[in-house]
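Subject: The structure, and some notes on it

Hello,

Here is the structure I promised to pass on. Please open it alongside this email, and my notes follow just below.

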Amino acid sequence: PRPTAAQRQIQPRQTQSQVIQMLNGMLGPDDVIAVMTPYMRIEDLTFHRRVPREEELWFRDLNKDPKHNRWDACFPPGAGSPNGEMKARYRELVTFEALEGLVTHLSGLRDERKHILVMTDGFRLYTKNPRLPARGQPESGGFPIGGGSGGLGIGPRGGDRVAGSRIPHDCEQDLKDLSSLDHSGRLGQIADYARRTNASFYPISLLRTASDPTRNLRLRGAFENNSTVLMQSSLRDLAEDTDGLSIVNTTNVEPSLRRIVTTTSSYYLVGYTPANTTADGRFRRITVKVNRP
């Protein structure tokens, strides 16, 4: 099936605009913030005093991956095609790699606590699907080919089939690689890494409205989290494992968002070197003072 809204790793525009407006009203004079999308180069990450309002920043790279065009040519979307699941698995892979890269980058910037707000609909946490490659095999009448990246060339249009044609090797390899993904423990690994580098996650996943076609979406598949409840549960675990806070399954974002900003603003890391260097295991009494209220 074609990817649904629940397969996207980012919330709708109205959700982002709402969060942007609230955050900009809560950020203090000492706060800095940056916006990153899964396909962004970590070198392009820039910190600001306010959240950038360029909405195209949030959406510019969601559906422009050249691999998508390639897979559309090799595995045209439709009933029984592996196209939708391939893209969903790949998006999740890219997102997890981006999160790990972000944690690494932030750990090199400062020792103090880093706070990462993740806007998402939740994660499927795909596991191996040995049945997926079989869905990409050509039908007996031939396999459709078409224009695409990577030198596939131009084939017949209008759904014509070419007898005896085969799936290009790169597409076949991508299908096998994606079918073998196992993300069952990936979020736990990311949480462990973040905890070691003093980073906390704050997932934001708003409640779907009654008119939203993906509300309470249940998917038929044994190789993924197949309900909204399970996907959101993984977000709560990510927050708890990193001493963060999750905003999940609600439309009343402001109280939780304000709590996040309050607990993360003006965060200090205090270092202490004892004058008494005797390693006797005893407690030392210290006093910490600040020069403002």
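Axes here are lines fitted to C-alpha atoms, for helices over the stretch in contact, and angles run from 0 to 180 degrees between N-to-C directions. Helices (H or I, at least four residues) and strands (E, at least two) are DSSP runs, numbered from the N terminus.

A word on the model before going on. This is a predicted model, in which local features need pLDDT of at least 70 and side-chain atom pairs count only at pLDDT 80 or more, while totals for chains, interfaces and linings use all residues. Residues are numbered from 1 along each chain as its sequence is written, and side-chain values use heavy atoms, with hydrogens and water left out.

Leu-238 counts as buried, at 3% relative accessibility; buried means under 20% relative accessible area, exposed over 50%, and partly exposed in between (1.4 Å probe, protein chains only). Leaving aside neighbours within four places in sequence, Leu-238 is in contact with Leu-187, Ala-191, Phe-201 and Pro-203, where contact means heavy atoms within 4.5 Å. Leu-238 and Phe-201 are 37 residues apart in sequence, but their C-alpha atoms are 6.6 Å apart in space.

The sheet

Two strands pair if DSSP finds at least two bridges between them. As background, strands of a sheet pair through backbone hydrogen bonds, either parallel or antiparallel.

Between β1 and β2 (residues 199-205) there are 6 bridges, and Val-118 stands opposite Pro-203 in β2.

β2 is mostly covered, with 7 of its 7 residues buried. Ala-199, Phe-201, Pro-203 and Ser-205 are buried on one side, and Ser-200, Tyr-202 and Ile-204 are buried on the other.

In α6 (residues 169-179), the buried residues are Cys-171, Asp-174, Leu-175, Leu-178 and Ser-179. They lie on the same side of α6, because they cover an arc of only 125° around the axis; the arc is that of the directions from the helix axis to the C-beta atoms. These buried residues pack against α3 (66-74), α4 (83-109) and α5 (132-135).

The packing of α4 and α6 has an angle of about 65°, and their axes are 10 Å apart. Met-86, Arg-89 and Tyr-90 of α4 make the contact with Asp-174, Leu-175, Leu-178 and Ser-179 of α6. By type, the residues of this contact are 4 nonpolar, 1 polar and 2 charged. Here Ala, Val, Leu, Ile, Met, Phe, Trp, Tyr, Cys and Pro count as nonpolar, Asp, Glu, Lys and Arg as charged, and the others, Gly among them, as polar.

Two loop residues

Most residues other than glycine have a negative phi. Which residue in the loop between α7 (186-196) and β2 is worth a look? Asn-198 is in that loop, and its phi is positive, near 65°. Asn-198 is partly exposed, with a relative accessible area of 21%. In the loop between α8 and β3, Asp-243 also has a positive phi, of about 60°. Asp-243 is exposed, at 53% relative accessible area.

The chain as a whole

The chain has 9 helices and 3 strands, and from the N terminus on its elements run α-α-α-α-β-α-α-α-β-α-β-α. Of the 293 residues in the chain, 42% are buried. Among contacts between residues at least 6 apart in sequence, 73% join residues at least 24 apart.

Best wishes
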